[in-house]
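Here are some friendly notes to read alongside the structure.

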Amino acid sequence: MPQSGSQRYFHLHLISDATGETLSTVAKAAAAQYADFRPIAHIYALVRTPTQLNRALREIEEQPGIVLFTLINDDMRRQLEKQCEAIGIPCLSILDPVISMLSQYLNTASRPQVAGQHALNSDYFRRIDALNFTMAHDDGQDLEDLEKSDIILVGVSRTSKTPTSIYLAQRGIKTANIPIVPRIPVPQKLFDVRGPLIVGLIASAERIAQIRRHRLLSLKESRSTDYADPRLITDELMFMKTICSEHDWPMIDVTRRSVEETAAAILNLLSEARRVDATT
């Protein structure tokens with residue numbers, strides 16, 4: 001197996017007749033369990049003809065590795081599996097075990113559909129609507145219809161409000177975010193709104209200062225500023241925490257969380273809030 005420095009790497013071929021998002025997500029999650037190995041991913045999306053498959057097979061032969069696939073066409077599946085067996089590399093259809101379990105449990109055969117998870121149905125348009133809403137309500141914009149939000153995120157600068165909002169929107173959750181800025185009054189609309197779940201995002205002053213310094217460097221900002229001063233950031237956070245405590249808004253510390261982990265925690269809070277509303 002090839003090695004670069006102290007880290008070994010391997011080729012990971014992902015073949016899909018759809019966008020390849022499912023494969024990429026599964027492969028990334030699985031490969032993360034092997035920190036000493038780095039996958040070199042080769043993604044072949046929208047593979048729907050023998051010609052397209054043959055092109056992928058040529059690359060697999062040149063750079064052998066693990067092959068993961070999602071293909072509905074039986075002939076193409078057999079061709080891929082036969083070729084991988086011939087050159088002695090592992091090949092797996094990642095959805096087969098799940099589909100088999102569902103088929104047994106539901107006592108019915110599956111009806112394969114290429115890119116079925118991306119169908120233009122009501123769920124798809126709900127996600128698009130949520131994304132449009134979220135982009136229009138980023139960074140404190142357009143507060144007039146704030147009550148239409150499912151979630152409102154509040155926090156000081158550089159607490160990942162915008163990327164978390166966009167991630168939630170991709171899950172169909174209308175999300176607004178409002179910055180808490182020193183010496184600028186918090187919009188009264190935020191305190192008056194009823195219905196949306198309001199969540200405060202916080203982080204350690206050191207982490208926020210680090211991100212802000214990087215931000216200033218990227219902007220080539222040379223003027224003297226208190227923006228990245230940890231002492232003043234601590235004051236910002238204290239003000240932020242006081243507001244959340246006074247209004248009983250839950251807070252999530254994002255210091256060591258990825259955007260995905262933060263979003264998952266928020267979705268748990270939303271589910272809990274909706275269960276409570278349903279029983280009252």
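1. Let us begin with helix α6 and helix α10 (residues 259-279), which pack at an angle of about 60° with their axes 9 Å apart. The crossing of α6 past α10 is right-handed. On the α6 side, the residues that meet α10 are Pro163, Thr164, Tyr167 and Leu168. Their partners in α10 are Val259, Glu260, Thr262, Ala263, Ile266 and Leu267. Sorted by class, this contact holds seven nonpolar, two polar and one charged residues. Please keep in mind throughout that this is a predicted model.

2. Is Thr164 buried or exposed? Its relative accessibility is 1%, and the cut-off for buried is under 20%, so Thr164 counts as buried. A polar atom of the Thr164 side chain lies 2.6 Å from the backbone oxygen of Ser160. Beyond the neighbours within four places in sequence, Thr164 is in contact with Leu153, Leu201, Val259, Thr262, Ala263 and Ile266.

3. Helix α6 has another packing partner. Helix α5 (residues 122-136) and helix α6 (residues 161-170) pack at about 160°, and their axes are 8 Å apart. The two helices are therefore roughly antiparallel to each other, as angles over 145 degrees are counted that way. Their crossing is right-handed. From α5, the contact draws on Arg127, Ala130, Leu131, Thr134 and Met135, while α6 supplies Ser165, Ile166, Ala169 and Gln170. Five of the residues in this contact are nonpolar, three are polar and one is charged.

4. While you are looking at α5, find Ile128, which sits in that helix. Ile128 has a relative accessible area of 34% and so is partly exposed. Where does the chain bring Ile128 and Ile173 in space? Although 45 residues separate Ile128 and Ile173 in sequence, their C-alpha atoms are 10.0 Å apart.

5. Next comes Ser149, in the loop between α5 and β6 (151-155). With a relative accessibility of 5%, Ser149 counts as buried. A polar atom of its side chain lies 2.8 Å from the backbone oxygen of Leu146. Setting aside residues up to four places away in sequence, Ser149 touches Phe133, Lys174, Ala176 and Pro196. If you compare Ser149 with Thr164, you will see that each has a side-chain polar atom facing a backbone oxygen, that of Leu146 for Ser149 and that of Ser160 for Thr164.

6. Now to a further helix pair. Helix α2 (residues 50-62) and helix α3 (residues 74-87) have axes that come within 11 Å and cross at roughly 15°. That angle makes α2 roughly parallel to α3. The crossing is right-handed. Which residues make the contact? They are Pro50, Leu53, Asn54, Leu57, Ile60 and Glu61 of α2, together with Met76, Gln79, Leu80, Gln83 and Ile87 of α3. By class, this contact has seven nonpolar, three polar and one charged residues.

7. The loop between β3 and α2 is worth a visit too, with Ala45 in it. At 38% relative accessibility, Ala45 counts as partly exposed. Ala45 and Ala18 are 27 residues apart in sequence, yet 6.0 Å apart from C-alpha to C-alpha. Leaving out residues up to four places away in sequence, Ala45 touches Ser16, Ala18 and Thr19.

8. Finally, two backbone angles to check. Leu46, in the loop between β3 (37-44) and α2, has a phi near 55°, a positive value in a residue other than glycine. Leu46 has a relative accessible area of 44% and is therefore partly exposed. Asp248 is not a glycine either, and its phi is positive at about 60°. You will find Asp248 in the loop between α9 (230-246) and β9 (251-253). Is Asp248 buried or exposed? Its relative accessible area is 67%, so Asp248 is exposed.

Note on methods. Residues are numbered from 1 along each chain as its sequence is written. This is a predicted model: local features need pLDDT of at least 70, side-chain atom pairs count only at pLDDT 80 or more; totals for chains, interfaces and linings use all residues. Side-chain values use heavy atoms; hydrogens and water are left out. Axes are lines fitted to C-alpha atoms, for helices over the stretch in contact, and angles run from 0 to 180 degrees between N-to-C directions. Helices (H or I, at least four residues) and strands (E, at least two) are DSSP runs, numbered from the N terminus. Angles under 35 degrees count as roughly parallel, over 145 as roughly antiparallel, 65 to 115 as roughly perpendicular and the rest as oblique. A crossing is left-handed if the near helix is turned anticlockwise from the far one by less than a right angle, and right-handed if clockwise. Contact means heavy atoms within 4.5 Å. Ala, Val, Leu, Ile, Met, Phe, Trp, Tyr, Cys and Pro count as nonpolar, Asp, Glu, Lys and Arg as charged, and the others, Gly among them, as polar. Buried means under 20% relative accessible area, exposed over 50%, partly exposed in between (1.4 Å probe, protein chains only). A polar contact is a pair of N or O atoms within 3.5 Å; within protein, one must be able to donate a hydrogen and the other to accept it, and residues adjacent in sequence count only if both atoms are side-chain atoms.
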